[in-house]
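Please look first at the sequence and the model shown here, and keep both in view while reading.

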Amino acid sequence: MMTVTLRIALILVSVGTLFLMMRKIRQSKVQIENAIFWIILALVLVVFSIFPSVADFASRLVGIYATTNFLFVFAIFVLIVKIFYMTIHISQLETKIKELAQQIALIEKIREEEGVHDEKD
């Protein structure tokens, strides 16, 4: 069973996360695709806090008998998955940056060589 304090804390944090994400989207500081993860997570936590029986059922379903422990394990698991996908995305961006830097270096080298040829003529 979740305590009332935990339920209130979950609701406040979840609603705060929702408002923060909406504000950042409006300010164009976060892309909608990236904010969707946080919005869904906040909504799930709101459901868990408003309807504690859902969290109780989910915790029993996975074999965790303390609902608070389930919430912590759930949060840790979700954040690990998020970090994994962010790592993949960062790796792809680093590869693109390296390719772009190589292309820029080639373009600069070609321009240099063309400049040398123009001066000789």
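A residue is called buried when its relative accessible area is under 20%, exposed when that area is over 50%, and partly exposed in between, with a 1.4 Å probe and protein chains only. The model is a predicted one, in which local features need pLDDT of at least 70 and side-chain atom pairs count only at pLDDT 80 or more, whereas totals for chains, interfaces and linings use all residues. Residues are numbered from 1 along each chain as its sequence is written, and side-chain values use heavy atoms, with hydrogens and water left out.

Helices are DSSP runs (H or I, at least four residues), as strands are (E, at least two), and they are numbered from the N terminus. In helix H4, which spans 67-120, one finds His-89, and this residue counts as partly exposed because its relative accessibility is 47%. Along the chain, His-89 and Glu-114 are 25 residues apart, and their C-alpha atoms are separated by 37 Å.

His-89 also belongs to the lining of the largest pocket, together with Gln-31, Glu-33, Asn-34, Phe-37, Trp-38, Val-81, Lys-82, Tyr-85, Met-86 and Ile-90. The word pocket has a geometric sense here: on a 1 Å grid over the protein atoms alone, a pocket is an open set of points where a 1.4 Å probe fits, with protein on both sides within 12 Å along at least five of seven lines, and its lining residues have an atom within 4 Å of a point. Its volume is the space filled by probe spheres set on the points, which are joined across faces, edges and corners; for the largest pocket this comes to about 290 Å³. Helix H2 (32-50) and helix H4 each supply at least two residues of this lining, and H4 gives the most, with six. By residue class (Ala, Val, Leu, Ile, Met, Phe, Trp, Tyr, Cys and Pro as nonpolar, Asp, Glu, Lys and Arg as charged, the others, Gly among them, as polar), the lining divides into six nonpolar, three polar and two charged residues.

The second largest pocket holds about 240 Å³ of space. Of the 14 residues that line this pocket, Leu-10, Leu-41, Leu-45, Leu-71 and Ala-75 are the closest to its centre, and the elements that give two or more residues to the lining are helix H1 (4-26), H2 and H4. Here too H4 gives the most, with six residues, while the lining as a whole divides into twelve nonpolar, two polar and no charged residues.

Side chains of opposite charge can pair when their charged atoms come close. A salt bridge is counted when a side-chain nitrogen of Lys or Arg is within 4 Å of a carboxyl oxygen of Asp or Glu, and the count by this rule comes to one. The side chains of Glu-113 and Lys-109 form it, at 3.3 Å from N to O; because these residues are four apart in helix H4, they are separated by about one helical turn. Glu-113 is partly exposed at 38% relative accessibility, and Lys-109 is partly exposed at 47%.
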